Amino acid sequence: MPRQLTHIDCFAGPGGICTGLHAAGLKTLVAIEYIKSCCETYKANHPEVHVIHSDIREVTAEQILPLIPEDGVDVVTSGMPCETFSTAGNTSRSFYDDRQFLFREGIRIAKISKAKMILFENVPAITSKKTARDSNQLIVDVLKKELKEAGYGNYTEVVLDSTKFGVPQKRNRFFILACRFPDWWLLSPEQHRRPIGVGDALAGLPNVIANSGIEGKDYTDSHSDYERLMRDDVFWKREEMTKSQITNHMPMKHRECTLKRFALLKPGESLKTLFDRYTGDERDRLQAKRILPKKMFIKRNYRLKMAEPSPTVTSHCLDEFVHPKYDRALTVRECARLQSFPDSYDFVGGPYIVPHIDRTVQDKYEQIGDAVPPLLAYAWGEQINRLFEINEK
């Protein structure tokens with residue numbers, strides 16, 4: 001029987017990578033996370049993991065070494081913050097700050113822990129981001145150079161489409177898997193799943209009424225293979241976490257004018273569609289009633305399609321998505337379904353909503369949007385298990 005691989009989780013968030021790797025049989029020993037609410041969620045769902053609530057740059061060898069085997073760990077994962085690389089916002093990519101070099105901390109932790117492999121994750125746009133506004137040097141080239149200097153010159157890189165790994169969400173992510181053994185064979189997971197639509201993803205969750213303050217607790221008779229997987233805590237190896245009722249399925253509060261705006265949307269339409277449809281006096285009338293805002297935001301109020309995967313779930317998912325059938329935003333649980341978090345995963349940390357002003361605070365929606373989809377992490381866990389089994393023979 002293959003041995004159980006050990007793992008350190010850097011930039012751990014609420015635990016998306018750990019959840020997938022745990023389902024694949026890996027044992028996470030240490031997690032490092034800066035955001036308190038993420039640490040609270042992580043600890044509640046992975047009580048066996050030692051969570052270090054700290055800026056990773058301040059984490060020392062003395063904090064890690066007593067918690068891991070003397071000969072080191074097998075894998076370190078590192079999904080540093082992606083805002084500075086993302087093309088999702090108008091200005092995010094124009095920033096050149098400390099965050100774009102945080103990959104060095106993942107390498108540092110790997111060296112401290114004598115990790116055999118490092119798995120880096122980020123948005124695909126990291127591959128074209130320069131180190132400075134007036135430089136031609138790419139961040140990803142610096143990353144590869146410093147991997148080699150640290151002894152991890154054997155690596156493979158790939159962009160993976162989450163929809164091909166059972167995640168009901170169009171989310172592409174860039175990965176580098178690096179190893180400190182130059183003769184080890186490396187290969188990324190195979191993409192083979194059929195796309196899963198939002199309708200299948202949300203199956204079994206009852207409708208909740210906006211502004212009612214009544215949380216949905218009981219499952220409906222609607223089922224899908226995906227819904228069964230999200231409730232299968234044997235698969236997720238979370239039997240001790242199983243819950244008899246749904247959690248985090250509280251409807252949001254919406255102004256009456258916002259509800260009227262949602263009612264104008266057909267599946268696949270967004271706020272931009274409404275600005276294109278209503279012009280002149282008609283737009284002025286809707287704006288006077290606050291049904292349309294004064295300013296058009298491209299990524300706002302998109303009504304999901306039942307038969308298709310959702311667009312990328314981001315930290316702004318509360319504002320970006322409208323339920324495919326009902327005139328309301330998605331609940332935390334519905335967003336978690338789109339990210340492939342199991343239903344037993346309870347987002348206990350932080351408030352439901354908090355203004356996106358302070359980088360040190362994340363509400364429940366932000367935690368979900370910034371996480372790695374557990375099913376994508378599971379595919380990596382399965383592949384890493386195979387690679388160790390092959391290369392250690």
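Asp232 is partly exposed in this predicted model, with a relative accessible area of 30%. The residue sits in the loop that connects α7 (225–230) to α8 (256–264). On the surface, Asp232 belongs to a patch of negative charge, in which it is gathered with Glu48, Glu239 and Glu240.

**Helix α7**

Helix α7 contains Glu227, whose relative accessibility of 0% places it among residues that count as buried. Leaving aside neighbours within four places in sequence, the contacts of Glu227 are Asp200, Ala203, Gly204, Ser222 and Arg337. Asp225 and Arg228 also lie in helix α7, three residues apart, which is about one turn of the helix. A salt bridge joins Asp225 to Arg228, with the closest N and O atoms 3.4 Å apart. Asp225 counts as exposed at 60% relative accessibility, while Arg228 counts as partly exposed at 46%.

**Salt bridges at the chain ends**

The structure holds 19 salt bridges in total. One of them is formed by the side chains of Asp74 and Arg3, at 2.6 Å from N to O. This pair links distant parts of the chain, since Asp74 is in the loop between α3 (61–64) and β4, Arg3 is in the segment before β1, and the two are 71 residues apart. Asp74 is buried, with a relative accessible area of 2%, whereas Arg3 is partly exposed at 39%.

The side chain of Arg3 also meets that of Glu392 in a salt bridge (2.9 Å, N to O). Here too distant parts of the chain are linked: Arg3 lies in the segment before β1 and Glu392 in the segment after α14, 389 residues apart. Glu392 counts as partly exposed, at 38% relative accessibility.

| Salt bridge | N to O distance | Relative accessibility of the partners |
|---|---|---|
| Asp74 and Arg3 | 2.6 Å | Asp74 2%, Arg3 39% |
| Arg3 and Glu392 | 2.9 Å | Arg3 39%, Glu392 38% |
| Asp225 and Arg228 | 3.4 Å | Asp225 60%, Arg228 46% |

Salt bridges with shared partners join Arg3, Asp74, Lys116 and Glu392 into one network.

Helix α1 (residues 16–23) is largely enclosed by the rest of the structure, because seven of its eight residues are buried. The buried residues of α1 are Gly16, Ile17, Cys18, Thr19, Gly20, Leu21 and Ala23. Their cover includes the strands β1 (6–10), β2 (27–33) and β4 (75–78), together with the helices α2 (36–45) and α14 (374–391). After α1 comes Gly25, which has a positive phi, near 100°.

The loop between β1 and α1 contains Gly15, which counts as buried at 0% relative accessibility. Not counting residues up to four places away in sequence, Gly15 touches Tyr42, His46, Phe341 and Tyr345. Gly15 and Gln367 are separated by 352 residues in sequence, yet their C-alpha atoms are 9.2 Å apart in space.

Most residues other than glycine have a negative phi. Phe11 is not a glycine, but its phi is positive, at about 50°. This residue is found in the loop between β1 and α1 and counts as buried, at 18% relative accessibility.

Asn301 counts as buried, with a relative accessibility of 5%.

Ile390 is found in helix α14 and counts as partly exposed, at 44% relative accessibility. Helix α14 is also included in the cover over the buried residues of α1.

Definitions and conventions
Residues are numbered from 1 along each chain as its sequence is written. This is a predicted model: local features need pLDDT of at least 70, side-chain atom pairs count only at pLDDT 80 or more; totals for chains, interfaces and linings use all residues. Side-chain values use heavy atoms; hydrogens and water are left out. Patches are made of residues with over 30% relative accessible area and no salt bridge: like charges are joined within 9 Å, nonpolar side chains (Val, Leu, Ile, Met, Phe, Trp, Tyr) within 5 Å. Accessible areas come from the Shrake-Rupley method with a 1.4 Å probe; for residues, only the protein chains shown count as cover. A salt bridge is a side-chain nitrogen of Lys or Arg within 4 Å of a carboxyl oxygen of Asp or Glu. Lys and Arg count as positive and Asp and Glu as negative; His and the chain ends are not counted. The place of a charge is taken as NZ of Lys, CZ of Arg, CG of Asp or CD of Glu. Helices (H or I, at least four residues) and strands (E, at least two) are DSSP runs, numbered from the N terminus. Buried means under 20% relative accessible area, exposed over 50%, partly exposed in between (1.4 Å probe, protein chains only). Contact means heavy atoms within 4.5 Å.
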